Amino acid sequence: MIINGEAMVTPAVLEAMAGTKDARLHEVTTALVRHLHAFIREVKPTEQEWEYGVEFLGRIGQANSAVHNEGVLFSDAVGVSTLVCLLNNGANGSTETAAALLGPFWRDNSPAVPDGGSIVRGPTPGPKLFATCQVLSGGAPVADARVDVWHSSPEGVYENQDPNMADMNLRGQFRTDAEGRFRFTSVKPAGYPVPTDGPTGDLLRAQGRHPFRPAHLHFLIHKPGLKTLITQVFVDDDEHLESDVVFGVTLALVGGYKKGEGPAPDGSEGEWWSLDYTFHMEPGDSRLPVPPIQ
Ligand code: BEZ
Ligand code: FE
């Protein structure tokens, strides 16, 4: 069709896309065009503003590298990752552990650690953490599940962000025992600012938002036949629980960290903490996500 006025643009584009063979791709792309055009009609960007918007998207792509995923970070900061997560998890009732966004820092190849082992691989000052966890499904133990654990240091950085930290520090892969249990030792994670040196940081500053995430541990639990559980468990008293910059905190995921009294379980002196947590998995798709970084 020859376009005669702005009102014809949307139908022209939808008509051009009508031959899309894959039904789902057709559904997704036509919805995208309809919503994008509605957004443009509502906002009426100037040409200069639209140039800026397109350049902003380009900068997100340019900021991606093997060790940094700005695309995931942007999706997280505008709440889309959490929305996708909550729309795809928890539909089967209230028995499963709430899922939380994967974030940009999961690596698929953390070293295997024996049950009860430490994931501290180099000097990492901070209070010790002793975690005792169990994985259940329908009330029964999930044995021999793969459990990836990763988290920030007590200074609030991930090992891939800090050249002084040992490779794979504060990352480990465990197997649940016959009772679905796994235990590990680490240091207590701290809250941290998400990376703000790219376009997502520019957006946060322009919106007057702080960049902090409350302290948490990440877990990815994988067992064929069960829906892969990707989640985070947040430290109870963190000042940013109610204002997580990426909207990852749900009530079910806060808690279980306790300050230890007396000597630590390994006999060491100094401040220590424990975490007790039970994860509940549901039947479903056991696919692993695409790693955001290598
Ligand atoms: C994280 O928890 O690792 C994370 C999530 C979203 C943005 C940045 C970091
Ligand atoms: Fe994190």
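**Exercise 1. Find out whether F182 and F279 are buried or exposed, and how their rings are arranged.**

Step 1. F182 and F279 are both buried, where buried means under 20% relative accessible area, exposed over 50% and partly exposed in between (1.4 Å probe, protein chains only). Keep in mind that this is a predicted model, in which local features need pLDDT of at least 70, side-chain atom pairs count only at pLDDT 80 or more, and totals for chains, interfaces and linings use all residues. Residues are numbered from 1 along each chain as its sequence is written, chains are lettered from A and ligands numbered from 1 in the order in which they are written, and side-chain values use heavy atoms, with hydrogens and water left out.

Step 2. Now look at the rings. Rings of Phe, Tyr and Trp (its six-membered ring) pair if their centres lie within 6.5 Å; planes under 30 degrees apart count as stacked, over 60 as edge-to-face and the rest as tilted. The centres of the F182 and F279 rings are 6.4 Å apart and their planes stand at 20 degrees, so this pair is stacked.

Step 3. F182 belongs to strand 5 (residues 181-187) and F279 to strand 11 (residues 272-281), so the pair ties together parts 97 residues apart in sequence. Helices (H or I, at least four residues) and strands (E, at least two) are DSSP runs, numbered from the N terminus.

**Exercise 2. Work out how the rings of F56 and F74 are arranged.**

Step 1. The whole structure holds 13 aromatic pairs. For F56 and F74, the ring centres are 5.7 Å apart and the planes stand at 65 degrees, so the pair is edge-to-face.

Step 2. F56 sits in helix 3 and F74 in helix 4 (residues 70-77), so to speak distant parts of the chain, 18 residues apart, are linked.

Step 3. Check the cover. With a relative accessible area of 11%, F56 is buried, whereas F74, at 22%, counts as partly exposed.

**Exercise 3. Which residues are the protein donors of the iron ion (ligand 2)?**

Step 1. Donors are N, O and S atoms within 2.8 Å of the metal (3.2 Å for Na, K and Ca); water is not among the atoms, so sites may look incomplete. The protein donors here are Y158 (OH), Y192 (OH), H216 (NE2) and H218 (NE2), at 1.8 to 2.1 Å from the iron ion.

Step 2. Read their spacing in sequence: Y-x33-Y-x23-H-x1-H. Y158 is in the loop between strand 3 (146-151) and strand 4 (171-175), and H218 is in strand 8 (residues 216-222), so the two tie together parts 60 residues apart in sequence. Both Y158 and H218 are buried.

**Exercise 4. Where are M168 and L170 found?**

Step 1. M168 is in the loop between strand 3 and strand 4, and L170 is in the loop between strand 3 and strand 4 too.

Step 2. Phi of M168 is near 65 degrees, a positive value in a residue other than glycine; for L170, phi is also near 65 degrees.

Step 3. M168 is buried, at 7% relative accessible area, and L170 is buried at 0%.
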